[in-house]
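Please keep the structure open beside the text while reading.

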Amino acid sequence: MRASAPGADEFAAVVRDPVRFCRALLRQDVWPDQERILQALSTERRVAVKACHASGKTFVAGSAVLWFLSRYPDAIVVTTAPTWTQVEQVLWSEIHKAVQQSRIAFPVVNKTELRVGPGNYAIGLSTNEGVRFQGFHGRVLIVVDEAPGVAADIWEAIEGIRAGGDVRVLALGNPTIASGPFYDAFTANRGGWATFTISAFDSPNLQGLTLEELLALPDDELDRAPRPYLVTRRWVREKYAEWGPGHPLWEARVLGQFPRQAEDALISLAWLEAASLRTESDERGPLCAGLDVAGPGEDETVLVVREGSRIVSQLCWTKSDPRGDVVAALAPYRGRLETVNVDAVGIGYYLAKHLEDLGYPVRLINVGEASSDPERYRNSKAEFYWGLRLRFQEGDVAGLTDERTIGQLAGIRYSHNARGQVEIERKEDARKRGVKSPDRAEAVMLAFATPVVGQMLFVEDPSEESHAGAAPTNPFLEQVKEAMPGYFDPPLEPGEEPLTCGGCSFFGRKDGRGFCTLRLFYVDPPERACSSFDPALSDESYR
C-alpha cells in the first residue's frame, strides 16, 4: 500500500487521526457524530453505537476498518453480523466503495477480504459458532454490525480474543432488542464502553428541528436534505403517522433508543427481529396461505404464503377489486397449497367464494366466532393470535422481512377480560390511539391459523328410556370404551366413570355432546394426533 498524494511524514500524521484519514485520504464527508465515533475508536477499547435507521453507522464502520488497517502495519480486522448477507452486501459494500474513491492505492478487495500485507488484513465472518473466532491475536479490531442480532456465543468468543493484546471492539446497531450484550453495553456494563446514540433528529437532515416543527413543515420542505443518503424528514414524518409515539419501532428506528415494550404488547419486538433474521427453514412440504381482504376504510388486501414456519411470499394491493391479482399470485403455488384461510367477514366472503369456484382449497374463517377453547380465549381471533405469539416466542417463524408487517405485529395489544379470557384490542380502540388497520398482521395470523383436530363423542338423548330390565348404562362412556378399548388401566368397575381417556385426555359434557378438553393437537397428515385419536369420532376446529 502506498500514498499517492501526500509525503510520507504527512501521510503518517494524517493516518494517526481517523477523522483526517477519512476526509483527506478516503475523501469522505463525515459529520460530527461520525467524527466523535472515529475519535473514540482511536483511544477507547470498546465503542458501542445505537442509532436510528439510515444514520450512516455502517458507513463509519467501513471507514474504521480501512483506518485501522492503515494505522497499524500489524493490524487484523474481523467483521461480523448476524447474517452473511449483512456482512457481504452491507458492511463490505461500504468498504468496497471507500476503497474505490480512496487516494490510497489499496490492494484489490475480494468479496469480504482485504490483505494489505503479511499479518495485516481484514476479513468478514458470519457464524453462530464461537470457535470460528478463535486464533486472532495481537492488534485486532472487531467490528460487530447489527450487534443486537449477534449470537451470545460470538460475544463470548470476542471476550476470549480481548484477553490479550491490543484488541478493540466497535459494535453498532438499531437498538431493537432490550436485552443481551449490546443492550448491556448501554446499561449494566456501561462503565466499560464508550457509548453513542444517534437519533434521526441528530442527523444533518433534521438537526435543529423538533418533532412539532417537523409535523408542521409544508410538503416541499420535507425533501430538503443536505445529505440525501441519510434519514430524511419525509421518512420520519411518514413513520410518525404509521407508528406514532411510544411504538417500539418509533423508539428504535427513529429515536435510536431501546424500546420500552408495552406490558400489553402481544408479540415482543425482540421476537419479531429474530424472525426477520431467520430466513431459512428446514421444513418443506404443503403450503398454507392467509388472505385478509380490505374492507371499507381499510388500506390493503394482503396475501401471505408460508411453507412450514417460513414466509415465502407476501403481496399487498390497494385496489378495490384485487381478485385477478390474488388469483395470479396464488397460481404458482396451486399444486402445493393445502389451504387458503380467508377472513370471511364482510366482502372477504365473496373473494373466498371466487377462489373456491376456481378450485382452491379455501377455508372460511370468521375471527369473531367463539374459539375452540372458550375458557381461555374471548373469540377465535384471540386464539389465532395467541397461537402466533407462541410461534414467535419459540422461534418458529422465519422470513418475516417486511418492515410494515413487523411494525403492525409489534403494535398489537391484548388484555384479559373479567372472565380471564385473552382478548385482542379492537380495531376501533386501536384507531383511537392512532393505529391504522393492521391488514398485514392479520394476513400473517391467518396464514398461521393451523387446523387442529378434536375428539368429539356424541351422547344419546338422555331422555331416551332404557329397555325394561336392562342395566342402566352411560352411553357416553360406552362410546369411549368402544372407540378406545384397552385404554383403561386398571379396568373400570361396573358403574364407574373415567376421569381420563386412556390416562390422557379429560372428557366432559357440553351441549349434549362429550368433548375432550385436551383436544388441541397439531396434526400433520398422515400422522395422528395421538394414540387415542379416532377419525370416526372427530370434528375439525381451528386454532
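The model is a predicted one, in which local features need pLDDT of at least 70 and side-chain atom pairs count only at pLDDT 80 or more.

**The largest pocket**

- Two or more lining residues are given by each of the helices α4 (57–71), α5 (84–101), α9, α11 (269–277) and α15 (403–410), and the largest share, eight residues, comes from α5.
- By residue class, the lining of the largest pocket divides into 15 nonpolar, 19 polar and eleven charged residues.

**The largest cavity**

- The largest cavity has a volume of about 110 Å³, and of the 16 residues that line this cavity, Gly-411, Ile-412, Glu-425, Ala-430 and Pro-438 are the closest to its centre.
- The elements that give two or more residues to this lining are α14 (380–393) and α16 (427–432).
- Charged residues number eight in the lining of the largest cavity, alongside six nonpolar and two polar ones.

**Salt bridges**

- Arg-413 forms a salt bridge with Asp-264, with 3.8 Å between the closest N and O atoms; the pair links distant parts of the chain, 149 residues apart, with Arg-413 in the loop between α15 and β13 (414–416) and Asp-264 in the loop between α10 (248–254) and α11.
- Arg-413 is partly exposed at a relative accessible area of 28%, and for Asp-264, likewise partly exposed, the value is 28%.
- The side chains of Arg-391 and Asp-396 meet in a salt bridge with an N to O distance of 2.8 Å.
- Arg-391 counts as buried because its relative accessible area of 14% falls under the 20% cut-off, whereas Asp-396, with a relative accessible area of 26%, is partly exposed.
- A network of salt bridges links Arg-45, Asp-74, Arg-139, Asp-166 and Arg-168.

**Buried elements and residues**

- Helix α17 (residues 439–447) is largely enclosed by the rest of the structure, because nine of its nine residues are buried.
- The buried residues of α17 include the charged residues Asp-439, Arg-440 and Glu-442, and among the others are Ala-441, Ala-443, Val-444, Met-445, Leu-446 and Ala-447.
- Arg-233 has its place in helix α9 (residues 233–242) and is buried, with a relative accessible area of 7%.
- The C-alpha atoms of Arg-233 and Phe-201 are separated by 9.0 Å, although these residues are 32 residues apart along the chain.
- Val-30 is found in the loop between α2 (18–25) and α3 (32–43), where it counts as buried at 1% relative accessibility.
- Between the C-alpha atoms of Val-30 and Val-19, which are eleven residues apart along the chain, the separation is 7.8 Å.

**A nonpolar surface patch**

- Ile-347, Tyr-349, Tyr-350 and Leu-364 form a nonpolar patch on the surface, and together these residues have about 400 Å² of accessible area.

Key:
Residues numbered from 1 in each chain as written. Heavy atoms only, no water. 1 Å grid on protein atoms, 1.4 Å probe; cavity = no way out; pocket = protein on both sides within 12 Å on 5 of 7 lines; lining within 4 Å. Points joined across faces, edges and corners; volume = space filled by probe spheres on them. Helix = DSSP H or I, 4+ residues; strand = E, 2+ residues; numbered from the N terminus. Patch = residues over 30% accessible without salt bridge, like charges linked within 9 Å, V, L, I, M, F, W, Y side chains within 5 Å. Areas by Shrake-Rupley, 256 points an atom, 1.4 Å probe, with all protein chains shown as cover. Salt bridge = Lys/Arg side-chain N within 4 Å of Asp/Glu carboxyl O. Buried < 20%, exposed > 50% of the residue type's maximum accessible area, 1.4 Å probe, protein only.
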